[in-house]
Amino acid sequence: MTSLPQLPFALTARATGPRTFRLLVSGALDHQSAGELTSGAERLLARRPAPTDLHLDFGRLTLCDSMGLSALLMIHRCAAEAGTRLHLDRRPFFLERLLVLTCTLDHLTAPPASGHRQARPAADTGEP
């Protein structure tokens, strides 16, 4: 059995257009690195104006566990709130399988709802 080379976790961000960013993810996306990925993506999504597209490039990903999946779901939620399209590029077979088995692939790659910054519903005060 051939094992993938163990790369240290690293993120490399770069603009690929006026409002498009690519975040290259290298190494293992797990409980130790999930927060770093989430923080890196959130920094890009906080830019004003918000990016139209955020590409997460997994071409150098060596592992993704449940905390990595949780990070992707959090990033998706932040991207949807910003009106940013999230792309999961160059997914290795193990990430593709994880996304299919957990039924999250379509959810994570769906376009955001129309319009930027969706309004949050008002709290129900119980008054008519």
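Guide: A quick term before we look: buried means under 20% relative accessible area, exposed means over 50%, and partly exposed is in between (1.4 Å probe, protein chains only). This is a predicted model, so local features need pLDDT of at least 70 and side-chain atom pairs count only at pLDDT 80 or more, while totals for chains, interfaces and linings use all residues. Residues are numbered from 1 along each chain as its sequence is written, and side-chain values use heavy atoms, with hydrogens and water left out.

Visitor: Why does Cys103 count as exposed?
Guide: Find Cys103 in the loop between α3 and α4. Its phi is positive, about 55 degrees, although Cys103 is not a glycine. The cut-off for exposed is over 50%, so Cys103 gets that label with a relative accessibility of 67%.

Visitor: What pattern does the chain follow along the sequence?
Guide: Helices (H or I, at least four residues) and strands (E, at least two) are DSSP runs, numbered from the N terminus. The chain has four helices and four strands. Read in sequence order, they go β-β-α-β-α-β-α-α.

Visitor: How far apart are the end C-alpha atoms of α2?
Guide: The expected span of a helix is 1.5 Å times one less than its number of residues. For the 17 residues of α2 that should give 24 Å, and the model agrees: its end C-alpha atoms are apart by 24 Å.

Visitor: Which residue caps the N-terminal end of α2?
Guide: Look for a side-chain oxygen 3.0 Å from the backbone nitrogen of Met67. A polar contact is a pair of N or O atoms within 3.5 Å; within protein, one must be able to donate a hydrogen and the other to accept it, and residues adjacent in sequence count only if both atoms are side-chain atoms. The capping oxygen belongs to Asp65.

Visitor: Around how wide an arc do the buried residues of α3 lie?
Guide: The buried residues in α3 are Phe94, Leu95 and Leu99. The arc is that of the directions from the helix axis to the C-beta atoms. These three sit on the same side of α3, because they cover an arc of only 135 degrees.

Visitor: And which exposed residues sit on the face of α3 turned away from its buried side?
Guide: The buried residues of α3 pack against β3, α2, β4 and α4 (contact means heavy atoms within 4.5 Å). Leu95, for one, is in contact with Phe58, Leu61, Cys64 and Leu72, leaving aside its neighbours within four places in sequence. The face turned away carries Phe93, Arg97 and Leu101.

Visitor: What is omega for the peptide bond that joins Arg48 and Pro49?
Guide: Go to the loop between α1 and β3, where you'll find Pro49. The bond joining Arg48 to Pro49 is cis, with omega at about 0 degrees.

Visitor: Why does Arg90 count as exposed?
Guide: Arg90 is in the loop between β4 and α3. Its phi is positive, near 50 degrees, in a residue other than glycine. Arg90 counts as exposed because its relative accessibility is 53%.
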